[in-house]
2 protein chains.
Amino acid sequence: MPRQITAFGNPLVKRARSLRDKRHRRQEGLFLAEGLRILTEARDSGRLPIELFYAADSAAHPLVSALIETVEAKGGAAIETSHDILAKLSGKDNPQAVVGIFAEFITPLAALDRATSPIWLVAERLRDPGNLGTILRTGDAVGAGGLILVDECVDPFSVEAVRASMGALFTVPIVQARWAEFLPWLRSGPGQLVGLSLNSDAGYRGASYVAPTFLLTGNEAQGLPATFEEECDLLVKLPMLGRADSLNAAVATAVTAYEVLAGL
Amino acid sequence: MPRQITAFGNPLVKRARSLRDKRHRRQEGLFLAEGLRILTEARDSGRLPIELFYAADSAAHPLVSALIETVEAKGGAAIETSHDILAKLSGKDNPQAVVGIFAEFITPLAALDRATSPIWLVAERLRDPGNLGTILRTGDAVGAGGLILVDECVDPFSVEAVRASMGALFTVPIVQARWAEFLPWLRSGPGQLVGLSLNSDAGYRGASYVAPTFLLTGNEAQGLPATFEEECDLLVKLPMLGRADSLNAAVATAVTAYEVLAGL
């Protein structure tokens, strides 16, 4: 049976709230995801929350009641609570009807099977959680085998990244690796490393992409380090017809990823 | 000579701070833009702030001192201030070195000359300021003639939209129009209306784009209304190979815009 919590001081509420902070996520190995669409996507991908907070007046919604049932059947806790507590957990005045607490899951680099997809996304020192989530969402759309986060990237389990991923966090494998680990792994098998770079004369369009393509996007402000570019098999750039010299990192990744997809 | 302000209660600080709120922007016809890169872009595009707040210790930076000089030469006010006040204005703990207050500028629909560009971006009921800013940035990159915001879109002058535009707010003309105004204007001259839609069998790739193309993106959650789709000359969709049924609106716009650009 679902339990009810209405006190802000309740330890489960406090712990859930603390997961908005990266340090607490690391300590607990847990993260927050919110919204019926994302939680349903998670369940359909085989991920259930260990705790499911839901608004009392939403329990009758068929998708919410189905979630509650599945969570409880699998040993998780369903917790009926107030809009105020959901607002506190989500950090929004108009909170979603459901908030789930999930165990973090990172795929080890060695577990990737590059034969499973012709396209893989790689991001280096990505700083913006919205960009990370958006790249995951694009990864899902282009059928990427996974997103490999190289060196110090923003936390993929931050509330903003999870939100921007629109559920793709649960469908696209995520790897975290140092460059010094990633590169030997990449070179241990087939794989074309394609870097997005302004230091290229090659247009992204009609370039010779070879599967599996590993599409490498650099830091939002600085792009790829020169030493990384030197390791790429191909550097491509997008036409920039205006005054600015760069696109949003998630946008540049997506435009190129769709071109790779069409070119393979 | 620059003046100095260090009191939070100073009326200029209070007014600047109030511009983080849409209601005050509307009342004053002013908005905030921050950061040396964006303010330099603005100046190079012929837009100067009426007030320029800068950190005392950044005045020696050549780009900052050049900005101060230009602003004062054109009758604006340069205001030396503290990091704490800049943090208050920008809403960030680590504020940019400069924050400018600009007069809002919207291009009237009737002032657009569709002969000036083969591609125009149109967004309908866009809700997310980050998406709006990112679409502006993409508009700059693809050389779009402008961004036409149809019906109730998020405010392009919000701090988040200005930030995400990375200065493109100053380089890409922005129009606000009702659908009932936009459509007759569009049909009064040459122009292909291309809608991004999941209700299409036509791939975005290799479709017959005809200049000037007006690329129409719908609301993030709902897409385009059916009545809008009926008015389109072409509906195109992007391949969705994963579990999700949609991309981020700014990403979908960018992927299609680059395809249009290549196909014209």
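Author: Arg125(B) is found in the loop that runs between β6 (119–124) and α6 of chain B. The model is a predicted one, and every value given here is computed from it. The phi angle of Arg125(B) is near 45°, a positive value in a residue other than glycine. Is Arg125(B) buried or exposed? Because 21 other C-beta atoms lie within 10 Å, Arg125(B) is buried, the cut-off for that class being 20 or more.

α6(B) consists of 13 residues and spans 19 Å from its first C-alpha to its last, which is close to the 18 Å expected at 1.5 Å a residue. This helix is mostly covered, since 13 of its 13 residues are buried. After α6(B) comes Gly143(B), where phi is again positive, near 70°.

Another residue of chain B with a positive phi, although it is not a glycine, is Asp151(B), at about 60°. Asp151(B) is placed in the loop between β7 (147–150) and α7 (159–165) of chain B. Its surroundings can be classed from the neighbour count: Asp151(B) has 17 C-beta neighbours inside 10 Å and therefore counts as partly exposed.

The helix α6 also has a part in the contact between the chains. That contact takes 30 residues from chain B and 30 residues from chain A. On the side of chain B that touches chain A, the elements that give two or more residues are α6 (129–141) and α10 (249–263) of chain B. The largest share comes from α10(B), with seven residues. By class, this side of chain B divides into 17 nonpolar, eight polar and five charged residues.

How are the two chains related? In general, two copies of a chain are related by a rotation about an axis and a shift along it. Here, chain B is superposed on chain A by a rotation of 180° with 0.0 Å of shift along the axis, at an RMSD of 0.0 Å. That is the relation of a two-fold axis. In chain B, the C-alpha nearest the axis belongs to Val255(B), at 2.3 Å from it. Both copies use the same surface, as 100% of the contact residues of chain B recur in chain A.

A further backbone feature can be described in each chain. The peptide bond from Ala211(B) to Pro212(B) is cis, with omega near -10°, and Pro212(B) lies in the loop between β9 (192–196) and β10 (213–217) of chain B. In chain A, the peptide bond from Ala211(A) to Pro212(A) is cis as well, with omega near -5°; Pro212(A) lies in the loop between β9 (192–196) and β10 (213–217) of chain A.

Pro212(A) is one of the contacts of Ser117(A), which, leaving aside neighbours within four places in sequence, also include Gly143(A), Ala144(A) and Gly145(A). Ser117(A) itself lies in the loop between β5 (98–103) and β6 (119–124) of chain A. With 19 C-beta neighbours inside 10 Å, Ser117(A) counts as partly exposed. From Ser117(A) to Thr213(A) the C-alpha distance is 9.0 Å, although the two are 96 residues apart in sequence.

As to the chain as a whole, chain A contains 10 helices and 11 strands. Of its 264 residues, 47% count as buried. Among contacts in chain A between residues at least 6 apart in sequence, 79% join residues at least 24 apart.

Chain A is assigned domain 1 (3–103) and domain 2 (109–263). The C-alpha centres of domain 1 and domain 2 of chain A are 31 Å apart. Where these domains meet, 13 residues of domain 1 of chain A are in contact with nine residues of domain 2 of chain A. The elements giving two or more residues to the domain 1 side are α2 (22–28), β2 (30–34) and α3 (36–44) of chain A. Of these, α3(A) gives the most, with four residues. The domain 1 side has five nonpolar, two polar and six charged residues.

Definitions and conventions
Residues numbered from 1 in each chain as written. Chains lettered and ligands numbered in written order. Predicted model: local features only at pLDDT ≥ 70, side-chain atom pairs only at ≥ 80, totals over all residues. Domains from an automatic or database assignment. Contact = placed C-beta atoms within 7 Å. Nonpolar A, V, L, I, M, F, W, Y, C, P; charged D, E, K, R; others polar. Least-squares fit on C-alpha atoms with pLDDT ≥ 70 in both. Buried ≥ 20, exposed ≤ 12 C-beta atoms within 10 Å, placed from the backbone. Expected span 1.5 Å × (residues − 1).
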